[in-house]
Amino acid sequence: MTELPSIDDVSRASEALGLGATPAELHGGLCGWLAAGGAPGNDWPARVLADDALQPVAEGSTLAQLLEVTIKQLEDRDFGFELLLSDSTQTEPQVDALFTWARAFLGGFGLGSGHKRPALSEEGEEALNDLAKLAQASSEDFDSDGEDDDEALAEIEEFIRIAVLLLHGDCVMAARHRQRLN
């Protein structure tokens, strides 16, 4: 299983647990947590949303599937990683979901790395800085002229995808590789 649960399913699961987070926020935060080396577990919403009062997710639930598939996608050698955003066909909700995802990623990344600054490659540092700039944006900052919107959104989404994989590589995959060498 390498396909993310649907946006509607994640939204319903979030509401059912009283998380108050959109699918983009949940997935962005989860990806940030995992990319920084945060431990996966059924308590991930509490860790990612920094709320210890949140209940763990049930095994086999939509949010457990979201965790499982996200881990598989982040480690996929064929770069099958996807962002869970908005299924709207309108530009503004898509843009807002993309920038919300980036903000949540940074929050999750900070929480996942704990109190230590992760050792990042030069490219990783640049990617993290660029993600921080994107996280400051909103749909109001997106120059929407209609024709090129889809292409511009696809380019931003692709940049985020690659940046996340790079950061995950620096923080998680490189650490695993170093452990195997020792």
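Predicted model: local features only at pLDDT ≥ 70, side-chain atom pairs only at ≥ 80, totals over all residues.

Me: At what angle do helix 2 and helix 5 pack, and how far apart are their axes?
Reply: About 35 degrees, with the axes 6 Å apart.

Me: Left-handed or right-handed crossing?
Reply: Helix 2 passes helix 5 in a right-handed crossing.

Me: Which residues make that contact?
Reply: From helix 2, they include A24, G28, G29, G32 and W33. From helix 5, among them are A97, W101, A104, F105 and G108.

Me: How do they split by class?
Reply: Ten are nonpolar, seven polar and one charged.

Me: Switching to the core. Which members touch the most others?
Reply: W44, L63, W101, F105, F109 and I160, out of 53 residues in the largest nonpolar core. W101, F105 and F109 also sit in the helix 2 and helix 5 contact.

Me: Which helix supplies the largest share?
Reply: Helix 7, with nine residues. Helices 1 to 7 each supply at least two.

Me: And what does I160 touch?
Reply: L83, L98, W101, A102, L131 and L134, leaving out residues up to four places away in sequence.

Me: Last pair: how do helix 1 and helix 4 pack?
Reply: At about 125 degrees, axes 9 Å apart. That angle makes helix 1 oblique to helix 4.

Me: Which residues meet there?
Reply: D9, V10 and A13 of helix 1 meet T62, L63 and L66 of helix 4. Four are nonpolar, one is polar and one is charged.

How values were computed
Residues numbered from 1 in each chain as written. Heavy atoms only, no water. Axes fitted to C-alpha atoms, helices over the stretch in contact; angles between N-to-C directions. Helix = DSSP H or I, 4+ residues; strand = E, 2+ residues; numbered from the N terminus. Left-handed = near helix turned anticlockwise from the far one by under 90°. Contact = heavy atoms within 4.5 Å. Nonpolar A, V, L, I, M, F, W, Y, C, P; charged D, E, K, R; others polar. Core = buried A, V, L, I, M, F, W, Y, C linked by side-chain atoms within 4.5 Å. Buried < 20%, exposed > 50% of the residue type's maximum accessible area, 1.4 Å probe, protein only. Parallel < 35°, antiparallel > 145°, perpendicular 65-115°, else oblique.
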